[in-house]
Amino acid sequence: MAFSNELKEIRKDIPAGSIVRLVREFDNKPFALAFYHPHSLISARIISRDAGREIDEDFFRSRIKEAFERRTFILKERSAARIIHGESDFLPGLIVEKYNEILTFQITSAGMELQKDLIVALLKEIFTPLSIIEKNTSYLRKLEGLPEIEQIVFGTETETIIHDSHGIKFAVSLLKGQKTGFYLDQMENRTSFARYVKQNDYVLDLFSNEGGFALNAAAKGADVLAVDASGQALLSASKNAELNGVREKVRTETTDCFEFLKANTEKYDAVILDPPSLLRSKKELNTAKKGYFNLHKNAMKAVKPEGILATASCSHHFTRELFIETIRDAAGDQNRSVTILEERGAGADHPVLAMMPETEYLKMFILRVH
């Protein structure tokens, strides 16, 4: 990936999405092929370090197959996974997820948008899915000058039941679901959190969405209060609780999670904080830091002594160091101390490209609050 200020020249006469050869300034040697965009902050998205490679149908076929083969062990444990994770699978701007025999995809680069018809054809050829659903509603598309689209591009099936590695079931509606259909990046974190939950614990799951953390806690015998601003999401959580035979263990409350926690007077054995991103750019950092601080300060009040706090941030610009600092400051504000039991990120189906920090967006800590 190359930003506009890293290139010697921005050629306005080259159409957005074109495949270009990048050349080193000091010796004039080509070193990579990339999708080019003359009007984006990210001017070049590298698709191959082999500057002589032909970018054709066989190229994309092999890249898709390689990405899928890297996840076969995951799909032996659970029935849904992200099978292509953009730059981390050397397919910049392409996300594909597999839910049993249904595929969803999202494209966030102009270069990959030009390859969309080919990508769909290859997904049909390689996976023979029941359906393929286009979930192109990401705000990142606006930055590339692309329209938002959400539609079925193949087949008719849009709903299925998936399970995680603990056998917890989720009924998912992929056309209606958020982002690419379901929050798969937290699948492994939900099962890890459940290790710290005991029979009859009282658990608060904030920003519960469709109940991923809540259901894993309820399956361990905990009584869970799931809170979210979306009544529709909590309706799905209740249906999922019923699907797993734990309906009597999960209560829901539709309200703003920040306001709920601010007014809360109850104490819980475990609290989960999994908010949506509080900042999309560095300009929003101070406001986001204040929001995270208040959220954690009030969560510290709600956790019993020696209780568990599981907290996540999916904001890339909210760094690990800033996250820990905020947790520490919030604990100090409440005369509490915390120990880190586990530090986690997105699951193995969301790999991080070491040379591209932007691919490491999800941070999660499982803490004991003293």
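This is a predicted model: local features need pLDDT of at least 70, side-chain atom pairs count only at pLDDT 80 or more; totals for chains, interfaces and linings use all residues.
## The seven-stranded sheet

Seven strands make up an open sheet of mixed pairing, and their order across the sheet is β14-β13-β12-β15-β16-β18-β17. The edge positions belong to β14 (250-254) and β17 (338-344), and because each of these has a single partner strand, one side of each is left without a neighbour in the sheet. Averaged over the sheet and with direction ignored, neighbouring strands are turned by 15° against each other.

Within this sheet, strand β12 (residues 202-206) runs parallel to strand β13 (residues 223-228), and the two are joined by five bridges. One of the residues that can be followed across this pairing is tyrosine 202, whose bridge partner in β13 is aspartate 223.

## Helices against the sheet

Helix α7 (residues 231-243) packs on the sheet, where it touches β13 and β14, and its direction makes about 175° with that of β14. Helix α10 (residues 320-333) lies across β16 (303-313), β17 and β18 (363-369), and it runs at about 25° to β18.

Leucine 322 is part of helix α10, and with a relative accessible area of 13% this residue is buried, since the cut-off for buried is under 20%. Leaving aside residues up to four places away in sequence, leucine 322 touches Leu285 and Lys289. Its C-alpha atom is separated by 34 Å from that of leucine 174, a residue 148 residues apart from leucine 322 along the chain.

Serine 192 sits in helix α5 (residues 187-194) and is buried, its relative accessible area being 9%. When residues up to four places away in sequence are not counted, the contacts of serine 192 are Glu342, Arg344 and Ile366.

Threonine 255 is placed in the loop between β14 and α8 (257-263), and its relative accessible area of 26% makes it partly exposed. Again not counting residues up to four places away in sequence, threonine 255 touches Val227, Asp228, Ala229 and Phe260. Between the C-alpha atoms of threonine 255 and leucine 243, which are 12 residues apart along the chain, the separation is 24 Å.

## The five-stranded sheet

A further open sheet, also described here by its strand order, consists of five strands arranged as β5-β6-β7-β8-β9 with mixed pairing. Here β5 (80-85) and β9 (149-154) stand at the edges, and because each has a single partner strand, one side of each is left without a neighbour in the sheet. From one strand to the next, the twist averages 20°.

Strands β6 (residues 94-99) and β7 (residues 102-107) pair in the antiparallel sense, with six bridges between them. In this pairing valine 96 of the sheet stands opposite phenylalanine 105 in β7.

## The packing of α1 and α3

Helix α1 (residues 57-69) and helix α3 (residues 116-127) have axes that come within 10 Å and cross at roughly 50°, an angle that makes α1 oblique to α3. The crossing of these two helices is right-handed.

On the α1 side the contact involves Glu57, Phe60, Arg61, Ile64, Lys65 and Phe68, which meet Leu118, Ile119, Leu122, Leu123, Glu125, Ile126 and Phe127 of α3. Sorted by class, this contact of α1 with α3 has nine nonpolar and four charged residues, with no polar residues.

Conventions: Residues are numbered from 1 along each chain as its sequence is written. Side-chain values use heavy atoms; hydrogens and water are left out. Two strands pair if DSSP finds at least two bridges between them. Helices (H or I, at least four residues) and strands (E, at least two) are DSSP runs, numbered from the N terminus. Axes are lines fitted to C-alpha atoms, for helices over the stretch in contact, and angles run from 0 to 180 degrees between N-to-C directions. Contact means heavy atoms within 4.5 Å. Buried means under 20% relative accessible area, exposed over 50%, partly exposed in between (1.4 Å probe, protein chains only). Angles under 35 degrees count as roughly parallel, over 145 as roughly antiparallel, 65 to 115 as roughly perpendicular and the rest as oblique. A crossing is left-handed if the near helix is turned anticlockwise from the far one by less than a right angle, and right-handed if clockwise. Ala, Val, Leu, Ile, Met, Phe, Trp, Tyr, Cys and Pro count as nonpolar, Asp, Glu, Lys and Arg as charged, and the others, Gly among them, as polar.
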